[in-house]
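I opened a new notebook page for this structure.

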Amino acid sequence: MTKANGKIIQWVAIGSLILLFVFSSRGLAKDDGLAKTPPMGWNSWNAFKADIDESKIKAIADVLAGSGMREAGYVYLVLDDGWMAKERDGNGNLIGDPVKFPGGMKALGDYIHGKGLKYGIYECRGYLTCQKLPGSFGHEARDMTTFASWGVDYIKLDSCFAERNGRLSSVELAIYKNAIEQTGRPMVLSLSDFGNGSWAWGAKASVHLWRTSYDISRSIGSVYACAETSGGDGMIHPAFNGLWQFAGPGYWNDADMLQVGNLRDPKEDKVHFSLWSILASPLMAGNDLRSMSESVRTILTAPEVIAVNQDPRGFQGYKVSKNGGREIYNKPLADGTTAVLLLNKSETPADLTVTWEQIGLAGAQKVRDLWARKDLGEFKGSFTAANLARHEHLLIKVGTPGGKPVPGPAPVPLEKYSVTRSGAMYLGDLYYVMKQGEAPRTDTNSAGEALSIKGVKYPKGLGCRNGSRIMYKLGGKADRFQAVAGLDDSYTGPETVRFRVLNEDFFGNQVLFDSGKLTRDQAAVKIDIDVKGVEYLLLMIDGKGVAGDWADAKVIADGRQAP
Ligand code: GAL
């Protein structure tokens with residue numbers, strides 16, 4: 001071998017190693033040791049919205065540190081939107097609102113740290129925050145450096161206006177991840193994108209948690225809806241049985257911040273807390289701690305309920321049964337026991353029974369009530385929570401510590417929700433990985449009848465009603481997306497409809513196809529577009545009350561790209 005040949009081989013080897021590293025790290029979770037269990041703390045938004053100031057925040061820090069909350073695990077004190085001045089300073093750096101925070105943001109961080117707490121702060125990846133204060137777009141490295149210099153430990157990164165940035169979300173979040181790494185300061189990165197599929201498209205490569213829902217509000221209905229986005233089919237195909245397979249130590253589905261203490265009564269507060277615990281959702285308190293009652297404090301600090309949430313195995317709970325608002329969840333724990341939530345959301349009182357078979361156990365098992373912190377005895381084969389009224393529940397632990405780990409369910413295999421083979425594949429035959437709005441119907445219009453556009457009937461396709469977003473995983477395996485989009489003939493109203501096809505999520509805003517606004521009289525639109533290299537495809541319909549069809553929707557993957 002000549003010297004020159006040797007050099008070439010050496011460079012090819014180095015190049016391959018680099019490529020291997022780049023590709024194998026794609027989609028892998030950050031492994032920086034942060035957020036190994038769901039983050040716990042307090043966030044200002046649910047209690048105060050943007051009305052925050054130095055004295056309020058210091059008072060909150062005092063309560064966190066003096067009420068037992070810090071010891072219970074609530075260590076992050078996070079300032080949400082509303083902390084910053086309307087303009088950056090003369091050097092382009094973010095500064096705190098001088099009236100609300102006269103001592104400055106570094107001094108506030110010192111105060112928070114002085115209380116044995118960690119400092120969290122809000123920013124937005126758009127050019128403005130949701131409250132129209134300066135956003136971080138175009139200032140990413142500078143802002144992360146500023147935060148590090150203030151001693152920030154946790155960043156909540158919002159997404160308002162990010163669709164104007166012209167970058168795929170996966171690319172944008174990697175920019176933040178790298179900017180944070182460059183500062184040398186470990187900071188948890190919490191993404192607020194209102195449930196746009198981050199679990200699916202791999203935000204875990206850059207962030208530690210992501211929202212699964214729109215904003216939570218002060219009602220049990222909102223609590224249930226947010227819980228359904230993570231634990232049910234609120235945002236994903238029912239076959240997944242919630243988002244459990246997308247979470248684990250270091251990366252979490254965030255059903256939004258807590259409203260415990262802001263609901264109607266302790267019964268609702270407890271249900272809320274149990275749901276977040278079983279779903280391994282971050283526990284960010286959102287009540288005004290300065291006026292917290294003893295009963296709310298007791299709920300937020302319930303040690304055995306928190307232990308379920310903070311279990312080191314990091315397995316997100318999933319439903320083992322649901323029947324008209326009667327729901328049973330299971331969360332296998334690290335010590336070989338398992339936590340079970342039996343919840344009655346229905347109008348009428350009910351007995352709820354969990355069988356050991358449903359949760360991977362057998363024989364006689366010990367049962368402990370985690371709210372009452374009381375052993376209930378040994379039960380053979382099953383356990384019944386008797387006569388649960390509406391919004392009542394029981395959170396129990398089943399089994400004996402030290403036993404064999406209880407297995408979780410099998411995750412949905414890749415070939416069911418991703419393009420993995422060559423040829424044509426109807427999208428309706430794949431499980432979607434994200435949906436907003438009503439679930440699409442497969443091979444019928446939204447009313448369950450034959451898909452029909454401009455008099456032509458289609459045996460295959462997706463029938464949607466109202467505005468909707470549906471995301472499919474193509475995994476970079478498809479070449480073309482083809483469909484006939486149009487208003488279903490069953491729709492006779494006056495509204496217009498707009499069909500768009502995007503690469504990845506809404507905020508990436510990489511539009512591959514846009515029909516513009518269509519009226520009922522306009523022809524069906526034939527779509528045949530190049531989707532080579534596209535990992536995730538988003539089908540969007542805008543329209544009020546319309547019946548929109550993606551008739552004959554399919555992807556074509558050729559032999560060359562098949563595995
Ligand atoms: C929303 C976000 C809320 C809160 C608010 C601040 O987009 O979902 O949690 O941060 O912005 O303006």
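My entries follow, starting with the ground rules.

**Ground rules.** The model is predicted, so I kept local features to pLDDT of at least 70 and side-chain atom pairs to pLDDT 80 or more, while totals for chains, interfaces and linings use all residues. Residues are numbered from 1 along each chain as its sequence is written, and side-chain values use heavy atoms, with hydrogens and water left out.

**Open sheet.** I looked up a sheet of 5 strands first. It is open, has antiparallel pairing and runs in the order β18-β23-β28-β25-β26. Strands here are DSSP runs of E with at least two residues, helices are runs of H or I with at least four, and both are numbered from the N terminus. Two strands pair if DSSP finds at least two bridges between them. Which strands stand at the edges? They are β18 (434-436) and β26 (510-518); each has a single partner strand, so one side of each is left without a neighbour in the sheet. From one strand to the next, the twist averages 10 degrees. Axes are lines fitted to C-alpha atoms, for helices over the stretch in contact, and angles run from 0 to 180 degrees between N-to-C directions.

Lys435 faces Ile470 of β23.

**Other strands.** I followed the side chains along β12 (residues 350-355). Ala350, Leu352 and Val354 point to one face and are buried. Buried means under 20% relative accessible area, exposed over 50%, and partly exposed in between (1.4 Å probe, protein chains only). β12 runs antiparallel to β15 (residues 382-388), joined by 5 bridges. Val354 has Phe383 as its bridge partner in β15.

β5 (residues 188-191) reads differently on burial: Val188 and Ser190 point one way, Leu189 and Leu191 the other way, and all are buried. β5 runs parallel to β4 (residues 154-158), with 4 bridges between them. Lys156 stands opposite Ser190.

**Two helices.** α9 (residues 220-231) packs against α10 (residues 266-278) at about 10 degrees, with axes 10 Å apart. That makes the two roughly parallel (under 35 degrees; over 145 is roughly antiparallel, 65 to 115 roughly perpendicular, the rest oblique). On the α9 side, Ile220, Val223, Tyr224, Cys226 and Ala227 make the contact; on the α10 side, Glu268, Val271, His272, Leu275 and Trp276 do. Contact means heavy atoms within 4.5 Å.

**Rings.** Rings of Phe, Tyr and Trp (its six-membered ring) pair if their centres lie within 6.5 Å; planes under 30 degrees apart count as stacked, over 60 as edge-to-face and the rest as tilted. How many aromatic pairs are there? I noted 19. Trp83 and Trp150 are edge-to-face, 5.6 Å centre to centre and 85 degrees between the planes. They lie 67 residues apart: Trp83 is in the loop between β2 (76-79) and α5 (105-114), and Trp150 is in α6 (residues 140-150). Trp83 counts as buried, at 0% relative accessibility. Trp150 counts as buried too, at 10%.

Phe240 and Phe246 have ring centres 5.7 Å apart and planes at 40 degrees, so this pair is tilted. Both are buried.

**Charges over rings.** A charge sits over a ring if NZ of Lys or CZ of Arg is within 6 Å of the ring centre and within 35 degrees of the ring normal. Lys56 lies over Phe48, 4.6 Å from the ring centre. Lys58 has its charged end over Tyr111, 5.0 Å from the ring centre.
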